[in-house]
Amino acid sequence: MTTLTKTVRDEDYGHVLTAHDAAGSNIVDHGFHIGSEPQNVQTDVAEYHNDVIAHPRPIAVQGNSRLARGASPKVFYRARSGKYFLVKPYHEKIRSGAWDYMHYPYAGFAEMASQALYHAGGIGHLHSKLHVAPHTLKGKVKPMLVVSIDPNAKTVDMLPQTYKSYPHKMYNEAAKIGLMDFLTNNNDRHHFNLMYYPDQEGQPQGLLAIDSGRAFQYKRANRWATDPGTPRDNVFHYLSSSQGMHMLNRAEHDQYVGTRPHISHALEWWKANGPAIRKEMVNQLQAVTDENVRQWIWSNFLNRSQVLDKLSKAWDDHPDERLYLPEYELPEEYYPQDLNVNDRQRLASIPYTLIYRHRPVEPWDSQDAIMPDPKEIEEQAQPALAKSLGIEDWPEVKLQEGEDEADR
Ligand SMILES: Nc1ncnc2c1ncn2[C@@H]1O[C@H](COP(=O)(O)OP(=O)(O)OP(=O)(O)O)[C@@H](O)[C@H]1O
Ligand SMILES: [Mg+2]
């Protein structure tokens, strides 16, 4: 690797620098991800290097509100070709508002591992392009996660509502993304974290999954519910009713992600690609240097990958039966919300096509996992965790006014 001289400017990074979590490097070795990006990202790596890292006057773009949307502090650069790059800390600090669904500061690992798993599963084109680049800031080398902004993609909240069926293929893509969200406990599939490619008339053609920085925590169920209050840690929820996926469900055109053809497609894909994805996860876990954390991620990941194996088999063996595990069967009154279906006729046909629940996988027993008071978290949970990980200097977290609200 070439030695990086001072090129990016400290002043572009004011708020981003404080968002680094020193503890992150005790858990994950970012070096694993430097130079590990897939083939389709390599031209972007070179472009970023030439136009930002090694350029005497890189163009940092401020105040682009559409791009700046989201909770993580970030910097944008424009390359000479006009391409944009979004830059976030690899070891990003967990904001106190996020403590109920995040435990370990490994956002950069989560993003890079997620990209690698998509590629291992042959669906790399559905994932945003990422790489890790060390930046010298205030005299210290800080790893940054660099996202290549895709100029053609739009967030799914912009989907046109004009009368036209969306392509079948796009729903198949959504179903695969949904299975990956379940597998990786991607807790952040809201409607700014799922994008689509419009054709010239604006009609959607395909999808792009972005922003997997909150994945692999295995702490809470999918939190972007369109049906708050119902159980969410099940395959169907990730497939169809998380807020981002929900944007694709169109009752008026009878199009839903969570219906048999798309689920069948995704499970066939899983059967063919699950083993390679599991293998790649073992590879990715080499980046996690803390043994407890590595075990934690792996045991949960493995558990869920086995749920998908069982589901694929059950789906074929019992096409007409409900796929709930008996001990977690939901009471009847949950079906409407859980399936997110309003119309009775449809409701009658749907239960046997769907859902395999499993025990939500949580690191603590359920009382501990519900963390109602952020102050309490700061005072108790954080030092306790720091101690259990052998981290002395866990950085202080201060809850900013309105931070919970902005948490997306
Ligand atoms: N690969 C991409 N292509 C196009 N636009 C993108 C891409 N990645 C991010 N964006 C845009 O930038 C916004 C913020 O990016 P991103 O979601 O990664 O940041 P974030 O602050 O971590 O968000 P969150 O708070 O949801 O985690 C997105 O909502 C999207 O509009
Ligand atoms: Mg986002």
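A crossing of two helices is called left-handed if the near helix is turned anticlockwise from the far one by less than a right angle, and right-handed if the near helix is turned clockwise. The structure described here is a predicted model, in which local features need pLDDT of at least 70, side-chain atom pairs count only at pLDDT 80 or more, and totals for chains, interfaces and linings use all residues. Residues are numbered from 1 along each chain as its sequence is written, while chains are lettered from A and ligands numbered from 1 in the order in which they are written.

The protein chain has 14 helices and eight strands; helices (H or I, at least four residues) and strands (E, at least two) are DSSP runs, numbered from the N terminus. Of its 408 residues, 44% count as buried. A residue is buried if 20 or more other C-beta atoms lie within 10 Å of its own, exposed if 12 or fewer do, and partly exposed in between, with C-beta atoms placed from the backbone. Two residues are in contact if these C-beta atoms, placed from the backbone, lie within 7 Å. Among the contacts in the protein chain with a separation of 6 or more, 74% come from residues 24 or more positions apart.

Helix α9 (residues 260-284) packs against helix α6 (residues 168-184) at an angle of about 55°, and the two axes are 8 Å apart. Axes are lines fitted to C-alpha atoms, for helices over the stretch in contact, and angles run from 0 to 180 degrees between N-to-C directions. Angles under 35 degrees count as roughly parallel, over 145 as roughly antiparallel, 65 to 115 as roughly perpendicular and the rest as oblique. The helices α6 and α9 are therefore oblique to each other, and α6 passes α9 in a right-handed crossing. On the α6 side, the contact involves Tyr-171, Asn-172, Ala-175, Lys-176, Gly-178 and Leu-179, which meet His-262, Ile-263, His-265, Ala-266, Trp-269 and Trp-270 in α9. By class, this contact has seven nonpolar, four polar and one charged residues. In this classification, Ala, Val, Leu, Ile, Met, Phe, Trp, Tyr, Cys and Pro count as nonpolar, Asp, Glu, Lys and Arg as charged, and the others, Gly among them, as polar.

The length of α6 was also examined. Since 15 of the 17 residues are buried, α6 is largely enclosed by the rest of the structure. Just after this helix, Asn-185 takes a positive phi of about 50°.

Not counting residues up to four places away in sequence, Glu-111 touches Leu-130, Leu-145, Ser-212 and Gly-213. The C-alpha atoms of Glu-111 and Leu-145 are 8.4 Å apart, although 34 residues separate the two in sequence.

Several loop residues complete the description. Ser-165 lies in the loop between β6 (154-155) and α6 and is exposed, with 11 other C-beta atoms within 10 Å. Beyond residues up to four places away in sequence, Ser-165 touches His-253 and Gln-255; its C-alpha atom is 6.8 Å from that of His-253, 88 residues apart along the chain. Asp-254, in the loop between α8 (243-246) and α9, has a phi near 55°, a positive value in a residue other than glycine. Asp-254 counts as exposed, with 11 C-beta neighbours inside 10 Å. Phe-216, in the loop between β8 (204-209) and α7 (235-241), likewise has a positive phi, of about 70°, although it is not a glycine. Phe-216 is buried, with 31 other C-beta atoms within 10 Å.
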